[in-house]
Structure formats: C-alpha cells, structure tokens
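Look over the structure first, then read the points below.

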Amino acid sequence: MSKEKLYQERLQRYITAMECGKPDKVPIAFSVGEWAVKYTGSTLEEVYYNLDKSIEITCEVVQDLDFDIFGGGPTLWWPPMFDAMGSKLYKFPGIHLEENSQFQYMEEEYMKPEDYDDFIANPTEWLATKYLPRISEEFARPGSYRATVALIKSAAAYAIASNVMAKGWEKWTKEHGVVPSTSGFTKAPFDTLGDTLRGMKGILLDIRRRPEKVLAACEAIIPHNIAYAMIGARGDTTLPCKATLHRGAYPFLSMEHWEKFYWPSLKAVIEGLWAQGKRMYFFAEGNWTPYLEKIAELPDKSIVFIIDTTDAKKAKEILGGKFCLWGGVPTTLLTYGTPAQVKDCVKQAIDELACDGGFVLAPGGAVMSDAKRENIFAMIEAGREYGVY
C-alpha cells in the first residue's frame, strides 16, 4: 500500500471516530514526545536545539510503531527563539539545566492586580506594551533600537523554526502515513489568565478578592482564544484544535468556583469554534469526573474528550455517543506495568469504551520518557489484535 493511501485510510478512521461512528478498526494514537529521546539514545539538549535531529529521531520511532494518529515529536519550543528575546519564561537543558532535564516554565505574576482594567479594555495592547517588557529582557524599553533588533531576531527565529517543523510534519505524513492529531492550539480563558498572566497564587486570590475582574478578563479573552485557534490551524476544520486544560481539573477549584469562573468562558470558546466547524481536542488533564454532566451540555461532536484520570466508565456513560472518547491506557501503567498488564488494560478499554464506535485508543496523558519500550509495543499490538470491528 502506498503511503498516501495509508494516510487516507488512517485519516478516514480518525474522522469516523470523531463523528462517533464505527470505523474498520479502533484508531490508535501516540505522541512520540520526549519518550523518543530515550528510545533513540539521544539527549533532550540535542533535540531541543537541533530541529533536524528532532525530526530525524521522530522518524525512527514512527517507522517502528504501527499507530494511526500522531501527536508530534519531542520539540515543543525552540530555545534560540526565546534566547533572542531574552525570555524569562523558560529554562532549557544545556544552558540553565542539565542535558536531560525537561524544560521548565517559570511561573510568576507577570500581570499585577492593578493591571486588570487596562487588560480588560484592550488585551492586545496590554500584552504588547506591558506583558512583553516584563517577560523579556530585550524588550525592557519598547521601541528602542535594542528592542527592535530583538523583535526582528526572535520573529526570524520563529519563522525558521516553523518552516523546519512544517517540513518535518510533511515528512511524517507523506513518508510514514501518520495523521496529525490536531491543528491549531487554544486555551481555556481562565487558564490563559491563571497559567500565563496571574499565576496560580494570583488567580486563586483573585477569585475571592476581585471576582468581577476575573470574570470580565475571561470574557475579554474569549474572542482571542477563538481567533488564534483558527489562525494557528490556517482555517483547517478537519482536525480538532488542541486545548490543554490545566486549572480546570478537580479539585483545583471547588464545584462552585469551577461553574462560575472556569466553565462559562471555556464553553463559549468551544461553541465559538464549533460555529465555524472546528471541534476541540479537550485535553482534560487530571480528573474531570465531577464535571461530566456539565460537559455533556456542549453541542454534539464539538469536542474529542481525552480521558486522563477521569472515571472512564462514567465518561462513557455520560459522554459516549455525544463525543469521541480518547484514551484507555494510564500513562503510569506504561511506566510501571508489564506487557501482560498493558494488553489486559487495552482489551478492557476496547470492550468497555469502543463497543459502539467513537473511540480512539491512546495513553491517557503525556507519555513520560521512562515508559517501558516493551509496554508501548504491547499497547499497540493489543490495539490491533482486539480493535477490529
């Protein structure tokens, strides 16, 4: 079979599952991620800085494993782009950390409580004039010669990295026939505020001290999170846009606070995207079991719900038939289990979650670099053995 035919076959399998239908077999998804670094005997420092190396080792993994849907290689951020702007946001192996340490995000209150009104009035202007100078040493004096040069250098670095990675994706899809899991990226507005701007401590104080400001800020973020999801996807509506949902997992927030602060603006983003034909890859990191009834209120098929530590049976009972479910294999089992245990888990997941279609077999969360090679192979082999409709 040609790689193009294989790609089309796998794409149709994925689309059918997202439409809650029964494809010829259960689609299998895998994110190579940083697991590929250990698999190929490389270091994180090498693959973070050398994009060609990152693409090369990803090819090695993709050609060895028989999965349909692909979440991407190990390089999420290209450090030279951040170096060019003197970024304070991340620390990377090779400069700040030892060669096999995962990059670290440096969470701070980059937005102060007194900034709320200006941010709500014009988020884009506030980000350009206040946020960038605070997160980047080179942008400390906006409009200066130094800041202008840094802007050109970092923009060029972004274009270089995007071009190289686009060629990598072209190689993976055309030469190996794997289908990208997503196109585009977005966030829950509360996560934009809580992760990036105010930080965990800041946002948790704000929902008690200045709740109306938090609600107004989330409302102001909604159109931006819809827009950049579509822009990043270049208008594609075949694949879902990825949304990694952080602060919404139970019990970060009480049910009362989740319903008041987290859910309304996230729901508005999902509905806004769905109105344009774009569904969301709803990466429910952690446990979302208490919220399943609220999530079921979304338009049918508007999300792909990723099961991490959410109760899978309840997810099937409440969301099954409305949304495609994704997962079934705990990431901890891939690290600490045996191949026999992994195969039993896959069989149970397919029996319970895939019986009437609308299911993608996958690890429930990010596969850690210490996941056992034999367990990854066992997961995929069992998926092919038990996953035929």
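In this predicted model, helix H14 spans residues 312-319, and its buried residues are Ala315, Lys316 and Leu319. Seen down the axis of H14, these buried residues fall within an arc of 100 degrees, so they line one face of the helix.

**The two sides of H14**
- Lys313 and Glu317 lie on the other side of H14, and they are exposed.
- The buried residues of H14 have a cover that includes two helices, H13 (292-295) and H16 (339-353).
- Strands E9 (303-307) and E10 (324-329) are also among the elements that cover them.

**The ends of H14**
- Aspartate 311 sits at the start of H14. One of its side-chain oxygens comes to within 3.0 Å of the backbone nitrogen of lysine 313.
- Glycine 321 follows H14. The phi of glycine 321 is positive, near 90 degrees.

**The second largest pocket**
- What is the volume of the second largest pocket? The volume is about 200 Å³.
- The lining of this pocket is made of 14 residues. Nearest the pocket centre are Ala312, Gly328, Val329, Pro330 and Cys345.
- Which element gives the most to the lining? Helix H16 does, with 5 residues.
- Sorted by class, the lining holds 7 nonpolar, 4 polar and 3 charged residues.

**Putting it together**

Notes. Residues numbered from 1 in each chain as written. Predicted model: local features only at pLDDT ≥ 70, side-chain atom pairs only at ≥ 80, totals over all residues. Heavy atoms only, no water. Buried < 20%, exposed > 50% of the residue type's maximum accessible area, 1.4 Å probe, protein only. Helix = DSSP H or I, 4+ residues; strand = E, 2+ residues; numbered from the N terminus. Arc of directions from axis to C-beta. Contact = heavy atoms within 4.5 Å. Polar contact = N/O pair within 3.5 Å; in protein donor to acceptor, adjacent residues only side chain to side chain. 1 Å grid on protein atoms, 1.4 Å probe; cavity = no way out; pocket = protein on both sides within 12 Å on 5 of 7 lines; lining within 4 Å. Points joined across faces, edges and corners; volume = space filled by probe spheres on them. Nonpolar A, V, L, I, M, F, W, Y, C, P; charged D, E, K, R; others polar.
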